[in-house]
Amino acid sequence: MESARLLLPLIVTGAAPLAIWLARTNPNLREAVSFAAALASFLLMLSFVPDVLGGTVLTYQLFTLIDGIHVRFCVDGMTLIFGLIATFLWILATSYNIGYMRSLKEHAQTRYYFCFAVAIFGAVGVAMSANIFTLYLFYEVITVFTYPLVAHHEDEEAFSGGRKYIVYLMGTSKLFLLTAMVMTYVLCGTLDFNLNDVVHGIFPAEADPTAVTVTYFLYLFGLAKAAIIPLHNWLPSAMVAPTPVSALLHAVAVVKAGVFSICRVVLSGFGVDAMDALWLGPPTAYLAALTIVVASVIALTKNDLKARLAYSTVSQLSYVIIGVAMLTPMAVTGGLGHIAHHAFAKITLFFGAGAIYVATHLKQIDLMAGLGRRMPWTFGAFGLASLSMIGVPRWPG
């Protein structure tokens, strides 16, 4: 169903960075704009819930470049999973940003809030993309505008981490993702997702199986924001960023854009039938399982709290991928659901790490003995989020 109404969240999140820049001389107004845009975009995303629960898929085509390549948007169930998470957590992140940035008297705060808002705009765009071309555009928006956030401190360590961040993500998207997009267009004649059927996808039955298989793995490695081993090292290196940016990277926008994009390409691009016929699911699941185990072991060796959380994220993201790669209804549901589970738990963990740093300037875990007595609320929230992350069942009854 065509509806221009679905452009409203994009308009709000797209206008927010401009409004933040215009309010740059008034910090209170600048931060109020961030709050207002976050709340408005969340409520607008929430307004689509009745349509989606009623079985309606909303679409809107902005313009056409050439036949089969459009800038086109959609709202369906997968859109709401990522869109609601990104916009709701933006509200919480804005509140945290204010306390963190002001307490540490950080420099370049307008640039920081501007780039943060653009990253959310990119995340909403990825969530609402109705084809691979549109997804690619917003995927790159996230990469470009999170680089200044990663390199925010502007010291040697920050620039080194930022350089690795941009090389990994821009390099893989240009070498692999762009190539996969071209091959998809050659094989299918279109880049539009099949939004109404996750079984059949968009690849024709007569397409060469080898070419389809190569295209699939180009997507898998081209969407490096999902941090699958061996294309994961950019994520721990990006922990040189301020803690709220780490939360943005891990919980709100960046890595979620990666795993969401893989889920969208698998389900709405290739479809369950093609994934099963070409035996693409098992190798993906094995690679995800390897990532889960290796990243978890590395996390245990890290004494820096943010580094340990970073490797935990590398591991946790692959639970989403392994669920979708199993291609059964329950596994796919669990994988997509974990996008939300991980987002709320991980943003709490990073907020806790940031609160510890603001209060004590400690990063090393072995120096934090006894801090729980001084910061009971922070460590209580950290403990609860840790239990959530590892899937401890609630108390029965």
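**Close-up views of a predicted model**

**View 1. Helices H5 and H6 pack against each other.** Helix H5 (residues 109-127) and helix H6 (residues 132-150) sit with their axes 8 Å apart, at an angle of about 160°. That puts H5 roughly antiparallel to H6, a label used for angles over 145 degrees. Axes here are lines fitted to C-alpha atoms, for helices over the stretch in contact, with angles running from 0 to 180 degrees between N-to-C directions. The helices themselves are DSSP runs (H or I, at least four residues), numbered from the N terminus. H5 passes H6 in a left-handed crossing, meaning the near helix is turned anticlockwise from the far one by less than a right angle. On the H5 side, the contact (heavy atoms within 4.5 Å) includes Arg-111, Tyr-112, Phe-114, Cys-115 and Phe-116; on the H6 side, look for Leu-135, Phe-138, Tyr-139 and Val-141, among others. Sorted by class, the residues of this contact come to 17 nonpolar, 3 polar and 1 charged. In that tally Ala, Val, Leu, Ile, Met, Phe, Trp, Tyr, Cys and Pro count as nonpolar, Asp, Glu, Lys and Arg as charged, and the others, Gly among them, as polar.

A word on the model: it is predicted, so local features need pLDDT of at least 70 and side-chain atom pairs count only at pLDDT 80 or more, while totals for chains, interfaces and linings use all residues. Residues are numbered from 1 along each chain as its sequence is written, and side-chain values use heavy atoms, with hydrogens and water left out.

**View 2. H10 runs against H14.** The axes of helix H10 (residues 243-252) and helix H14 (residues 329-360) come within 9 Å and cross at roughly 170°. H10 is therefore roughly antiparallel to H14. H10 passes H14 in a right-handed crossing, with the near helix turned clockwise. Thr-243, Ser-246, Ala-247, His-250, Ala-251 and Val-252 in H10 meet a set of H14 residues that includes His-342, Ala-343, Lys-346 and Ile-347.

**View 3. Phe-382 in helix H16.** Phe-382 belongs to helix H16 (residues 376-389) and is buried at 16% relative accessibility. Buried means under 20% relative accessible area, exposed over 50%, and partly exposed in between (1.4 Å probe, protein chains only). Leaving aside residues up to four places away in sequence, Phe-382 touches Leu-305, Leu-309, Leu-349, Gly-352 and Ala-353. From Phe-382 to Ile-347 is 35 residues in sequence and 10.0 Å in space, C-alpha to C-alpha.

View 4. Count sulfur pairs within 2.5 Å, the cut-off for a disulfide, and you get 0 disulfides. Cys-263 is in no disulfide, and the nearest cysteine sulfur, that of Cys-74, is 14 Å away. Cys-263 is buried, at 0% relative accessible area; Cys-115 is buried too, at 5%.

View 5. A cis peptide bond, omega about 15°, joins Ile-229 and Pro-230. Pro-230 lies in the loop between helix H8 (209-222) and helix H9 (234-237). Leu-327 isn't a glycine, yet its phi is positive, about 65°. Leu-327 sits in the loop between helix H13 (305-325) and H14 and is buried, with a relative accessible area of 16%. Phi of His-361 is positive as well, near 60°. His-361 is in the loop between H14 and helix H15 (371-374), and counts as partly exposed at 49% relative accessibility.

Key. Helices (H or I, at least four residues) and strands (E, at least two) are DSSP runs, numbered from the N terminus. Angles under 35 degrees count as roughly parallel, over 145 as roughly antiparallel, 65 to 115 as roughly perpendicular and the rest as oblique.
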